[in-house]
Amino acid sequence: MDIAPYLLQLFSGLSRAMVLFLLSAGLSLIFGVMNILNFAHATLWLISGYVTYSLFTFLSEQFGASPWMLLPAIAGAVALMSLAGFALERFLIRHTYERELPEQLLLTFALVLILGDVIKLVWGLENRRINLGVEPMEMFDTLVNPYQFVIIGTGVAVGAGLWYFLHRTRFGKIVRAAVYSRSMVSALGIRIPVIYSMVFALGVGLAALASGVFLPLLPMSLGMDLDIIVQCFAVVVIGGFGSMLGTFVASIIVGVVYSFSILFWPDGALAMIFLILIAVLIWRPWGLFGTELRS
Amino acid sequence: MIVLFALVPWLPGEFWTHVGTEILIFGLFAMSFNLLYGYMGQISFGHAAFFGIGAYATAMLFTALKTSAGDIGVAEFLLSLLAGPPVAAAAALFIGFFCVRLTGIYFAMLTLAFGEMLFYIVFSWYSFTKGDDGIQGLLPPAFFQDSDNFYYFTLAIVILALFVMWRITESPFGLTLRTLRDNQRRAAFLGTNVKAHMLANFVIAGTFAGLAGALWGPFSRSVNPGLLGWGESGIAVFMTLIGGAGAFIGPIVGSVIYTMLQAVVKMYTIYWPLTIGSVILVIVLFAPGGILGIVERRLRAARPEGGTNGGDPVAGAGETESRQ
């Protein structure tokens, strides 16, 4: 049996999975801590893709074209978007904590519509892509885009870093405690509103990182955020709200299942993902790694 | 309000008659969504699945019945319209069987998942549904091609449907649904079969969504997979929250505002999402309860003591939902 095409699908599935993971990790954190399901998460991801593109172009013009210019561009975009996320929470999202779920969803969905048009206003209708000029590499008797390994490596590294942050640092422990009981954390004298803004900024920063590493692989185009956000919802629910390990595993399931389904049913590959989501919701609504507590 | 609707075709030009028909069809769709949201307290992100299934069922029967020249008789046309609601009801029975086991965000996610799965199935099953080409050429009989006639036809169906809906929401069944919305656990203690009531309501809502979908095909002369997508479900949510989920006719009011605004804004700019996004933002931040919510608060302020007799069947939809 020739395994080369399957390996190709595996690598592209895993790199897709890592982008989904970076996005869903932020989504899951924000939901865990603030109980806000942020519809606009993927739209912020899309915007930061355009921002990264513009920074990359600017830096290349100023200091000469080089693939390495992507690194400062991503760093800049992550910083900018984290700040934007901080401000967004501080001035807008904060006003909806006491509201019902549908109103919160509606507010973040309004942001999807507004920010989508902002992209159209600022960057126009063209797709944006960064070409790093990476040569395909010969592996397993076939050609593989080695950049995929950069994405996979980044995803795993960030996952490990996030785990370390949440379990070994003081701030991370506060965040985890806030997932369980906001009032208790608050009673211990920790300023919850600051935690909220920081977590939101962190989530948006992760999304910015995801779009930065994603740019050389696929072009950013308008409307992409809508496809991605429902897949992120699928990942977060399959893995279980608030479980970082669950989000990681679910990202891999969704990414790999998608890229293999494409071989057999090109237009319907996403239907497979929703089929898994339906199965999980019926069998264990709290997700593969979640606890029943919060359901 | 009915009188106002009846007068629409007198406005100059066909444009507003078209907009009026759209208002009615989407208003009916949003009303059916509000059976789940306003009366049962659950938010569905996949309600367009039933709108789309109704539209496709009608479109397919329509295509099968029309002659090779593309004409269709009045009887065949009405028969194809009748196909929409029962097929949508059957789909709602199947999907609802699973969905009513969950509440809150999980209910929303499962409805979203079913809706999206159906969207991709319709989108990719080319031999059966014509995929993303959609089904074209749904030209109704000559009488219904006249936009005024089709408008009155739609108006009659929608009024009838709303009357039935109103009877349902005011019946003991409707009252039980509100109990489920306000306190599901207590309703269960009182011996209510919670899941059976939720499922029945899910099927009713799906049936009316299917009826709206059935009307949509002959109105727009075509159907496409987008009708099942979550963007379409979102429209029902928007209309309901703009108008106000707390009043029976809230979704219709929302549909009037949303559809007219869309018709006008799209004449001047391509930035319709930006416009409607800003409107929603303002409503969520400053006018929770929608337009009718504002009206109602004004009325309350005008006569402070008379709080019991107001036509406010669903005040505070979901407000009592406790969050942890």
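Trainee: In which helix of chain B is A59(B) found?

Mentor: The model is a predicted one. In it, A59(B) belongs to helix 3 of chain B, which covers residues 48–65.

Trainee: Is A59(B) buried or exposed?

Mentor: A59(B) is buried, because 30 C-beta neighbours lie inside 10 Å and the cut-off for burial is 20 or more.

Trainee: Which residues does A59(B) touch, leaving aside those up to four places away in sequence?

Mentor: A59(B) touches I135(B), L138(B), G217(B) and V223(B). By contrast, F286(B) is 227 residues from A59(B) along the chain, and their C-alpha atoms are separated by 42 Å.

Trainee: Turning to chain B as a whole, how many helices and strands are there?

Mentor: Chain B has 15 helices and zero strands. Its radius of gyration is 20 Å, close to the 20 Å from the globule rule for 324 residues, so chain B is as compact as a globular protein of that length.

Trainee: What share of its residues is buried?

Mentor: Buried residues account for 49% of the 324 in chain B. Of the contacts in chain B with a separation of 6 or more, 79% join residues 24 or more positions apart.

Note on methods
Residues are numbered from 1 along each chain as its sequence is written. Chains are lettered from A and ligands numbered from 1 in the order in which they are written. This is a predicted model: local features need pLDDT of at least 70, side-chain atom pairs count only at pLDDT 80 or more; totals for chains, interfaces and linings use all residues. Helices (H or I, at least four residues) and strands (E, at least two) are DSSP runs, numbered from the N terminus. The radius of gyration is taken over C-alpha atoms; the globule rule is 2.2 Å times the number of residues to the power 0.38. A residue is buried if 20 or more other C-beta atoms lie within 10 Å of its own, exposed if 12 or fewer, and partly exposed in between; C-beta atoms are placed from the backbone. Two residues are in contact if their C-beta atoms, placed from the backbone, lie within 7 Å.
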